[in-house]
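Me: I have a new structure to look at. Can you help me learn to read it?

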Amino acid sequence: MSIYRRLQRWLGAEDRMTHIVPGNVAPGFSLKSLEGKELSLSAALQRGPVVLSFFKVSCPVCKFTFPFLQRLYKMHGSDDVTFLGVSQDNAAASREFASEFGVTFPVLIDDAGYSVSSAYGLSMVPTVFLIDPDATVRISSMGFVKADLESIADTLADRRNITRSPVFRADESVPAVKPG
C-alpha cells in the first residue's frame, strides 16, 4: 500500500478499495440480460439468496473464476437460489465470454455508465457477493478467493439442508487467491 493511501486511511479518508461489505444492504437494480429480458435484484431475492458476480471480458482473473462460479451454479442453482453475472462490457462480447467459459446462468449488461458497478463501489473485478433474501450482503469477495467460493457453497448447502460438497476437486491445483 502506498504511503499516500496509508495516510488517507489513517486520516479517515475514504479508501477506494472499499465496496459493499457483509452486513450492508445490497443496492437494488434492474438490468437487461443477454436475451434482452429485464431482471431485477428485488425479484430474484423474492425467490431466495442471490450470488451476484461482476466481471469484464478482458479480465484474466474473471476468466479463471467464472468456470468455478459455473460449477457452483450447477451445484446450487435452483428455483430458490439465483446466480447472476453482471458484465461491464457490451452484449456481443459478454455473450462470447459466457460461451467460451461455459456460463449458463443469466448474464446482465451494466449500462454504459456502469451505474450498478458504481452503486456497488467496485474497484476491481471479479467481485462476487452472496446476498440474503432480505438484501443483506452475507459474503463479499474481490478477486478470486478460493475460501470465499467454498463459503458460498457451504452457506447455500446449509440453507437447503443438503450435504456440503467441495467446489474444488482434490486433483485440481487451485491457488488460494488471485487478485483481480
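This is a predicted model: local features need pLDDT of at least 70, side-chain atom pairs count only at pLDDT 80 or more; totals for chains, interfaces and linings use all residues.

Me: How much of the protein is buried?
Reply: Buried means under 20% relative accessible area. Of the 180 residues, 47% are buried. The accessible surface is about 9,200 Å², and carbon and sulfur atoms hold 54% of that surface.

Me: What share of the contacts links residues 24 or more positions apart?
Reply: Take the contacts with a separation of 6 or more. Residues 24 or more positions apart make 68% of them.

Me: Now a helix. Why does the span of α6 agree with its 14 residues?
Reply: The expected span is 1.5 Å times one less than the number of residues. Helix α6 covers residues 146-159, so its 14 residues should span 20 Å, and its end C-alpha atoms are 20 Å apart.

Me: Which residues of α6 are buried, and what do they pack against?
Reply: The buried ones are L149, E150, I152, A153, D154, T155, L156 and A157. Their partners include α3 (60-76), β3 (50-55) and β7 (137-142).

Me: What follows α6?
Reply: N161 follows, with a positive phi near 55°.

Me: Last, one residue. Is T65 buried or exposed?
Reply: T65 sits in helix α3. Its relative accessibility is 1%, so T65 counts as buried.

Me: What is T65 in contact with, beyond its neighbours within four places in sequence?
Reply: Leaving those neighbours aside, T65 contacts P126 and F144.

Conventions: Residues are numbered from 1 along each chain as its sequence is written. Side-chain values use heavy atoms; hydrogens and water are left out. Buried means under 20% relative accessible area, exposed over 50%, partly exposed in between (1.4 Å probe, protein chains only). Contact means heavy atoms within 4.5 Å. Accessible areas come from the Shrake-Rupley method with a 1.4 Å probe; for residues, only the protein chains shown count as cover. Helices (H or I, at least four residues) and strands (E, at least two) are DSSP runs, numbered from the N terminus.
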